[in-house]
Amino acid sequence: MKEISFFPAKTGIQTCSCDNVSLHSKYDPKKEACTFADNLVVDFLPTLIIVTEPVLSYCAEFLRKRFPQTKLVAIRYSKQFDFCNHLWDEVYYQDNLSPLLQNHGEEGILTAFFTAWKPSAIIFPQEHAQVWSTIKTIVNSARSILMTRAFFAQRWIKNTIKFCIRVKNTYTIQKGNSPILIVASGPSLQDSIKEIQKHRCDFFLIALSSALRPLLQNDITPDLCISTDGGYW
């Protein structure tokens with residue numbers, strides 16, 4: 001862990017440095033933060049503004065003034081600044097960014113604006129490189145998901161209509177206490193067929209649609225079949 005030095009700036013508010021490198025202005029950190037927020041070139045209305053390691057987070061106040069409808073998100077490289085986390089709507093850490101896509105979906109990620117507090121990149125070069133590489137991966141994943149949705153959207157709508165038209169009987173599932181086995185297609189399914197047959201009466205069997213045919217071919221009838229789309233999950 002790097003040793004961060006905290007001390008008052010000329011204006012009296014807290015500032016900090018590490019290895020003789022200032023993480024905020026020694027004179028007026030708030031003016032510096034205001035300039036940072038004002039100088040961001042954002043030519044759209046972002047749903048999220050994501051700042052990598054904003055340290056003492058003075059910029060959050062000015063980002064909120066400029067983008068009052070936008071959710072502010074910080075990505076931390078160090079937990080030494082956690083006492084400033086209340087200034088953000090959400091905080092993530094460099095070793096666990098996967099919830100970003102899960103929480104905001106592809107639309108949220110692709111309408112987000114990413115920026116960095118530059119002094120942090122100097123003090124935390126490895127963390128900075130790792131985080132921005134992960135951000136690139138997340139954005140590319142979101143773009144791929146959105147392209148898949150756009151390509152298959154019409155087909156999915158048609159399938160939904162067909163399902164609804166052909167429904168003859170509907171049922172509700174009663175609560176139970178049996179163990180549940182969920183079966184999907186894949187190499188391990190063939191190896192598990194005999195065990196499934198042997199213990200079929202011991203669990204509630206849910207099959208993904210891709211596993212339905214091999215189950216039926218082996219005289220195994222699932223209690224429930226689920227049809228899924230090609231989304232993120």
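Q: Why is E32 called partly exposed?
A: In this predicted model, E32 has a relative accessible area of 26%. Buried means under 20% and exposed means over 50%, with partly exposed in between; therefore E32 is classed as partly exposed.

Q: What makes H24, S25 and W117 contacts of E32?
A: Contact requires heavy atoms within 4.5 Å. Once neighbours within four places in sequence are set aside, E32 is in contact with H24, S25 and W117. E32 itself lies in helix α1, which spans residues 29–39.

Q: How far apart are E32 and R149 in sequence and in space?
A: The two residues are separated by 117 residues in sequence and by 42 Å in space, taken from C-alpha to C-alpha.

Q: Why is K162 called partly exposed?
A: The relative accessible area of K162 is 43%. K162 is located in helix α5, residues 125–166.

Q: What makes R155, K158, K162 and R166 a patch of positive charge?
A: Lys and Arg count as positive, and like charges are joined within 9 Å. R155, K158, K162 and R166 gather in such a patch on the surface.

Q: How is I161 known to be partly exposed, and to which patch does I161 belong?
A: I161 has 47% relative accessibility; exposed means over 50%, so I161 counts as partly exposed. Located in helix α5, I161 forms a nonpolar surface patch with I157 and I165, with about 330 Å² of accessible area together.

Conventions: Residues are numbered from 1 along each chain as its sequence is written. This is a predicted model: local features need pLDDT of at least 70, side-chain atom pairs count only at pLDDT 80 or more; totals for chains, interfaces and linings use all residues. Side-chain values use heavy atoms; hydrogens and water are left out. Patches are made of residues with over 30% relative accessible area and no salt bridge: like charges are joined within 9 Å, nonpolar side chains (Val, Leu, Ile, Met, Phe, Trp, Tyr) within 5 Å. Accessible areas come from the Shrake-Rupley method with a 1.4 Å probe; for residues, only the protein chains shown count as cover. A salt bridge is a side-chain nitrogen of Lys or Arg within 4 Å of a carboxyl oxygen of Asp or Glu. The place of a charge is taken as NZ of Lys, CZ of Arg, CG of Asp or CD of Glu. Helices (H or I, at least four residues) and strands (E, at least two) are DSSP runs, numbered from the N terminus. Buried means under 20% relative accessible area, exposed over 50%, partly exposed in between (1.4 Å probe, protein chains only).
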